[in-house]
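Me: Can you walk me through this model? I'd like to start with the aromatic pairs.

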Amino acid sequence: MGFGRIGRLVARVALQRNDVELVAVNDPFISTDYMTYMFKYDSVHGQWKHHDLKVKDSKTLLFGEKPVTVFGIRNPEEIPWAEAGAEFVVESTGVFTDKDKAAAHLKAVGKVLPALNGKLTRMSFRVHTVDVSVVDLTVRLEKSASYDEIKAAIKQSLRASLKAFWVTLRKMLCPLTSLVTAGKSSIFDAKAGIALNGSFVKLVSWYDNKWGYSSRVIDLIVHMASTKAC
């Protein structure tokens with residue numbers, strides 16, 4: 001899967017949950033000693049404070065008493081994932097960026113909300129911090145609505161299917177520092193948006209672009225596993 005920044009954060013998220021198990025990692029470029037150091041100390045998300053992490057040998061890391069197999073293979077077709085008991089592989093090397101390349105050890109994932117294709121424009125940009133990004137979402141509505149009505153609809157959605165992914169900022173704060181390591185995919189900033197008219201609205205939402213993404217990767221794996229079980 002790669003054990004760079006995203007790979008390590010995905011592992012951190014997985015190790016803090018009881019509905020998914022980390023069984024193996026693959027990185028052909030660094031030793032287990034360096035893996036351990038990089039995992040323990042993150043300049044943004046802080047020091048690892050959960051299971052004690054140590055090197056058992058050149059092919060095994062121990063998280064507490066839980067062994068995690070370490071591979072160092074460059075060709076994904078040669079990685080013996082099955083031997084380690086892996087059912088899902090997180091491709092986070094940044095190398096296999098298209099379907100054909102990633103197919104060597106992954107199933108493709110389609111668009112999450114295809115019904116919205118062509119209906120939204122948005123811009124996501126990194127701000128001058130070590131982490132946390134913001135989305136500027138511009139929407140042209142089919143049915144006219146006030147900004148208060150839009151906020152009410154978003155609030156209602158938080159109580160239903162989207163509550164695992166969205167939260168709302170209820171008071172002014174500094175998103176650039178307070179939202180680091182936030183596990184939500186989107187933190188709606190109700191005070192930052194504006195309705196230009198009844199059918200044209202701009203919404204602003206913050207997110208920790210690394211930790212939020214890593215959290216959704218683990219959620220996806222859990223969902224795929226539950227679907228497979230059914």
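Reply: There are six aromatic pairs, counting Phe, Tyr and Trp rings (the six-membered one for Trp) with centres within 6.5 Å; planes under 30 degrees apart are stacked, over 60 edge-to-face, the rest tilted. The model is predicted, so local features need pLDDT of at least 70 and side-chain atom pairs 80 or more, while totals for chains, interfaces and linings use all residues. Numbering runs from 1 along each chain as its sequence is written, and side-chain values use heavy atoms, without hydrogens or water.

Me: Why is the F39 and F63 pair edge-to-face?

Reply: The ring centres are 5.3 Å apart and the planes sit at 80°, so the pair counts as edge-to-face.

Me: Which residues do ring pairs link into a cluster?

Reply: F3, F39, W48 and F63.

Me: Switching to the cores. How many residues has the largest nonpolar core?

Reply: It has 13, and L22, V25, F39 and F63 have the most contacts inside it. A core here is a set of buried Ala, Val, Leu, Ile, Met, Phe, Trp, Tyr and Cys residues joined through side-chain atoms within 4.5 Å.

Me: And what does L22 contact?

Reply: Beyond neighbours within four places in sequence, L22 contacts A11, L15, F63, K66 and V68 (heavy atoms within 4.5 Å). Another core, of 10 residues, lies apart from the largest one and includes V13 and W211.

Key. Buried means under 20% relative accessible area, exposed over 50%, partly exposed in between (1.4 Å probe, protein chains only).
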